Amino acid sequence: MPPAENRTAPRLPSPSSPNPGSTHGGTDESADARAPLDGSPELLRAAFRRHPAGVAVITARGSRLAGFTATSLTSVSADPPLVSFGVGTASSSWPVIAEAEHVGVHLLGEHQRELAGIFARRGADRFAPPTRWREGPEGVPLLESVPVWLVCRVVARVPAGDHRVVVAQVVAGDPAGPGRPLVHHDGRYNALRD
């Protein structure tokens, strides 16, 4: 969600408008004139299905390997270099992420739809073949053939509803891997188009 200062205020009809139900002076009800829906998990999900997002996989090592697909990855700060992502506290990855000192952040390419699906699927053995990975800096599991990977040191875990927002500082990485970005939109993984 954009910060409050970046949201646009609802458009209201001007006092001289011939039809108070329309912002364009006609008689048809426009999308801007529809009654807003009450805030709910369903509204949030419906809204963000329409918001295209890059696809990342977050990995960590603890008593076991853990990883999950995330579309919540955000660049937070350039100096120091910080990123953030959300993780559900009910997810199978959370116990490992909750204790990890370092995480791997992988930006997936359009050639990796299957990999995104594996890391999104409940109960999957995410690090078994066909997943290809190696041990990277700080012992973090790194996925192979991704356009970008980063190793990050966790600096904060902020409670946010049924999730935690994890803030992590980039300590190593490679931004020059193969492929064009994978995008998630309307419940599907898509290739980025010009």
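Student: What makes the strands a sheet, and in which order do they come?
Tutor: Keep in mind that this is a predicted model. Strands count as paired if there are at least two bridges between them, and here seven strands form an open sheet, ordered β3-β2-β6-β9-β10-β5-β4, with antiparallel pairing.

Student: What makes β3 and β4 the edge strands?
Tutor: Each of them pairs on one side only; β3 covers residues 65–70 and β4 covers 74–78. From one strand to the next, the twist averages 30°.

Student: How do you know that β2 and β6 pair?
Tutor: The cut-off is at least two bridges, and four bridges join β2 (residues 56–61) to β6 (residues 102–107), so the two strands pair, and they run antiparallel. As one example, Thr59 has Gly104 in β6 as its bridge partner.

Student: Which helix packs on the sheet, and what does the helix touch there?
Tutor: That's α3, residues 113–120, which touches β2 and β3. The direction of α3 makes about 115° with that of β3.

Student: Which residues of α3 are buried, and what covers them?
Tutor: The buried ones are Leu115, Ala116, Gly117, Ile118 and Phe119. Their cover includes β2 and β3, along with β8 (141–143), β11 (182–185) and β12 (188–191).

Student: Why is Gln112 called buried?
Tutor: Buried means under 20% relative accessible area. Gln112 has 6%, so Gln112 is buried. You'll find Gln112 in the loop between β6 and α3, and the residues that Gln112 touches include Glu144, Val146, Pro147 and Leu182.

Student: What makes the pair of Gln112 and Ser145 a polar contact?
Tutor: The limit for such a pair of N or O atoms is 3.5 Å. A polar atom of the Gln112 side chain lies 3.1 Å from the backbone oxygen of Ser145, so the distance is within the limit.

Student: Why is Ser145 called partly exposed?
Tutor: Partly exposed is the range between the buried limit of 20% and the exposed limit of 50%. Ser145 comes to 32%, so Ser145 counts as partly exposed. Ser145 sits in the loop between β8 and β9 (148–160).

Student: Is Glu138 buried or exposed, and how do you know?
Tutor: Exposed means over 50%, and Glu138 has 56% relative accessibility, so Glu138 counts as exposed.

Student: Which peptide bonds are cis?
Tutor: Among them are the bond from Asp79 to Pro80, with omega near 5°, and the bond joining Pro129 and Pro130, with omega about 20°. Most peptide bonds are trans. Pro80 is in the loop between β4 and β5 (81–88), while Pro130 is in the loop between α3 and β7 (133–135).

Student: How confident is the predictor in the chain?
Tutor: The mean pLDDT is 83, and 80% of the residues reach 70 or more. Over residues 1–26, though, pLDDT stays under 50.

Key
Residues are numbered from 1 along each chain as its sequence is written. Side-chain values use heavy atoms; hydrogens and water are left out. pLDDT is the predictor's confidence in each residue, from 0 to 100. Contact means heavy atoms within 4.5 Å. Axes are lines fitted to C-alpha atoms, for helices over the stretch in contact, and angles run from 0 to 180 degrees between N-to-C directions. Buried means under 20% relative accessible area, exposed over 50%, partly exposed in between (1.4 Å probe, protein chains only). A polar contact is a pair of N or O atoms within 3.5 Å; within protein, one must be able to donate a hydrogen and the other to accept it, and residues adjacent in sequence count only if both atoms are side-chain atoms. Lists of a residue's contacts leave out its neighbours within four places in sequence.
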